[in-house]
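Hi everyone, thanks for coming along. I'd like to walk you through one model today, so please have it up on your screens.

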Amino acid sequence: MAREFTRVGVVGLGTMGAGIVEVFARNGVDVTAVEISDAALERGRATLTGSTDRAVAKGKLAEAERDALMARVDFRVGLDALHDVDLVIEAVPEHLDLKQRIFAELDRVCKPETILATNTSSLSVTEISVATTRPNQVIGIHFFNPAPVMKLVEVVRTVVTSADVVADVEALCERLGKVDVTISDRAGFIANALLFGYLNHAVGMFEARYATREDIDAAMKLGCGLPMGPLALMDLIGLDTAYEILDTMYRRGGRDRRHAPAPLLKQMVTAGLLGRKSGRGFYTYEQPGSPKVVPDEFTPLAADAALADGTRAIAKVGVVGSGTMATGIIEVFAKAGYEVVSVTRGAEKSAKVCEAVKTSLNKGVVRGKLSETDRDEALGRITWSATLEHLADVDLVVEAVIEELSVKKALFASLDEICKPGVVLATTTSSLPVIDVAMATQRPADVVGLHFFNPAPIMPLVEIVQTIRTSAETSATARAVCAKLGKTGVVCGDRSGFIVNALLFPYLNDAVKMLEASYSTADDIDYAMKLGCGYPMGPFELLDVVGLDVSLAIQRELYLELREPGFAPAPLLEHLVTAGYLGRKSGRGFRDHTRR
Ligand SMILES: NC(=O)c1ccc[n+]([C@@H]2O[C@H](COP(=O)([O-])OP(=O)(O)OC[C@H]3O[C@@H](n4cnc5c(N)ncnc54)[C@H](O)[C@@H]3O)[C@@H](O)[C@H]2O)c1
């Protein structure tokens, strides 16, 4: 028989605590909600009222339900109010000494059978538990932000947590409609261990002015389908909390430099820029606690105004190559109204690409996304050629040939001879340095990276890669072209992986290392990222789709360029590739796809 939890206590009603109170009260559990002062209590009550009122306004909660929910919560100052609860969840700031003091006090105040739980993200539950006389009744219950929305709960058992306490808490999670993964006590558990290196890396990119906050966030949202970008997520988590989590993970997790908090974070915390809760972090919010971003001095001017001057007129575009990317890019430009000259290595290849473009456009017609006239006009704009000389009068060339530096350099040298002055020369490379390609020409200022994502007609993102020689005019022109294509162009520097791959692949590699260390299973790790962080796919699902060989190659490039020990490819990934387990394309990767 699972233990009955009729009344629970929540300590600390900040970002997480207020949400946790709501989760319990929504599910019919009485809550004693405790804060340190009257003022903090009122803030906590206001957060809960705001959240439930929004749910009513959105039609997700009836008014009577909201009133019943609020009536279940007893708001109190001081831990003494917790003398009669069956379970306490602590959600005070991420400091070990503070949490230990609170647990010692809870041990004194609460009934002997009460379970004491911490919502810590990174501290050792074991170290917190030894501040009490009942470490076997201490457990981690790690909710995700926002607690009422995110489905995942990480249940953290220490080496002394008793089995029945674990079972009772697991049953409680189910009653709350949550999905739990039960794991042992390791810094960052599953989700944060995989998330925070990525978040810190994104802050580092922003700090180094590698890309703007808007572009970093747009890249991860549009390139990976994440619910929010890393800097917006930092603001939601709270920069002070994020700083403490990183700092603890750095110290507990083997001093991986990727967890050493970016210096900018410390400065922002000291300056009181804590994210949404203080009204300002990486972005500025309407008021403290508000999710609404308002423009500030860093907000880019409206796209049109910014692009009005200094761009070159582009009407005719050459696309070189005959693979998947070239085919998609030809379609994208032709549909957007550009004259397109496709250049392949022979008539046969041209015929194949032409067929592929026709098939794709026809699909658009069948799905009602394109009229027959639009399709015919798009096709009419394309000229098929097998000679680079036909690119003499184009305004922009997009190169999408094989990912080999020697081939691309030779091609750019030829383009330099053939194309008219003022042409913009773009490469779609996803891993080679754009500057190497640019220096194969006599006009590196006109060379830029245009990194489209696959499938190009569908993916809304293009990374515009500026080398140290790219002119402002060239990059403004590239932005204007992306806008006309209906794509979001994000501008970044010429570093391995640009924005998306540099942030994505180390995270995938970390997941492989976690699996290799037997900390958790592929299924639970996938669940944790989907249900805890709202990712469209878990890391192992994504690795199998992308291909393990491709992922390994990208990770190797990142490691070679940055020499960051934490970026070293996971041995398990190398072994799987050697064994021919490449993912879906070979029938087997992290999972066996032949049996499904
Ligand atoms: N922010 C997140 O996204 C997130 C997600 C999961 C877990 N966590 C964890 O949850 C915990 C709380 O983080 P947060 O982001 O909600 O912090 P927060 O700063 O938003 O809130 C902490 C609250 O604790 C209160 N408090 C401080 N001392 C207290 C005391 N002695 N008694 C009662 N209340 C006290 C504060 O007044 C404040 O309201 C941390 O351990 C954090 O790691 C945070």
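Aspartate 549, for example, is partly exposed, with a relative accessible area of 27%. Now the housekeeping: this is a predicted model, where local features need pLDDT of at least 70, side-chain atom pairs count only at pLDDT 80 or more, and totals for chains, interfaces and linings use all residues. Residues are numbered from 1 along each chain as its sequence is written, and side-chain values use heavy atoms, with hydrogens and water left out.

Let's stay with aspartate 549 for a moment. Its side chain meets that of lysine 585 in a salt bridge, 2.8 Å from N to O; by salt bridge I mean a side-chain nitrogen of Lys or Arg within 4 Å of a carboxyl oxygen of Asp or Glu. The pair links distant parts of the chain, with aspartate 549 in helix α22 (residues 548-562) and lysine 585 in the segment after α23 (571-578), 36 residues apart. Those element names are DSSP runs numbered from the N terminus: helices are H or I with at least four residues, strands are E with at least two. Lysine 585 counts as exposed, at 53% relative accessibility.

How many salt bridges does the structure hold? The count is 37. One of them joins the side chains of aspartate 296 and arginine 213, at 2.8 Å from N to O. Here aspartate 296 sits in the loop between β10 (293-294) and α12 (303-307), while arginine 213 is in helix α8 (residues 213-224), 83 residues apart. Both aspartate 296 and arginine 213 are buried.

Another pairs aspartate 395 with lysine 420, at 2.7 Å from N to O. Aspartate 395 is in the loop between β13 (382-385) and β14 (396-399) and lysine 420 in the loop between α16 (405-418) and β15 (424-427), so this pair ties together parts that are 25 residues apart in sequence. Aspartate 395 is buried at 12% relative accessible area, whereas lysine 420 is partly exposed at 30%. There is also a network of salt bridges linking Asp53, Glu63, Arg66 and Asp67.

Now, over to the ligand. Which residues come nearest to the ligand? Of the 24 residues around the ligand, the answer is Met16, Glu35, Glu94, Lys99 and Ser121; a residue is near a molecule if one of its heavy atoms lies within 4 Å of it. By class, that shell has eleven nonpolar, nine polar and four charged residues. For the classes, Ala, Val, Leu, Ile, Met, Phe, Trp, Tyr, Cys and Pro count as nonpolar, Asp, Glu, Lys and Arg as charged, and the others, Gly among them, as polar.

Next, the polar contacts, meaning pairs of N or O atoms within 3.5 Å. A polar side-chain atom of lysine 99 lies 2.5 Å from an oxygen atom of the ligand, and one of lysine 277 lies 3.3 Å from a ligand oxygen. From isoleucine 237, a backbone N or O atom lies 2.9 Å from a nitrogen atom of the ligand. The protein covers 88% of the 840 Å² of accessible area that the ligand has on its own, with areas from the Shrake-Rupley method and a 1.4 Å probe. Elements giving two or more residues to the shell are α1 (15-26), α4 (96-109) and β6 (138-143).

Ten of its twelve residues are buried, so α1 is largely enclosed by the rest of the structure. Among the buried ones are Met16, Glu22 and Phe24. After α1 comes glycine 28, with a positive phi near 80°.

Finally, some backbone details. Where are the cis peptide bonds I'd like you to find? One runs from asparagine 145 to proline 146, with omega near -5°, and proline 146 lies in the loop between β6 and β7 (152-157). Another runs from asparagine 454 to proline 455, with omega near -5°. Phenylalanine 189 has a positive phi near 50° and is buried, at 0% relative accessible area. Arginine 255 has a positive phi near 50° too, but arginine 255 is exposed, at 51%. Thanks, everyone!

Methods:
Polar contact = N/O pair within 3.5 Å; in protein donor to acceptor, adjacent residues only side chain to side chain. Buried < 20%, exposed > 50% of the residue type's maximum accessible area, 1.4 Å probe, protein only.
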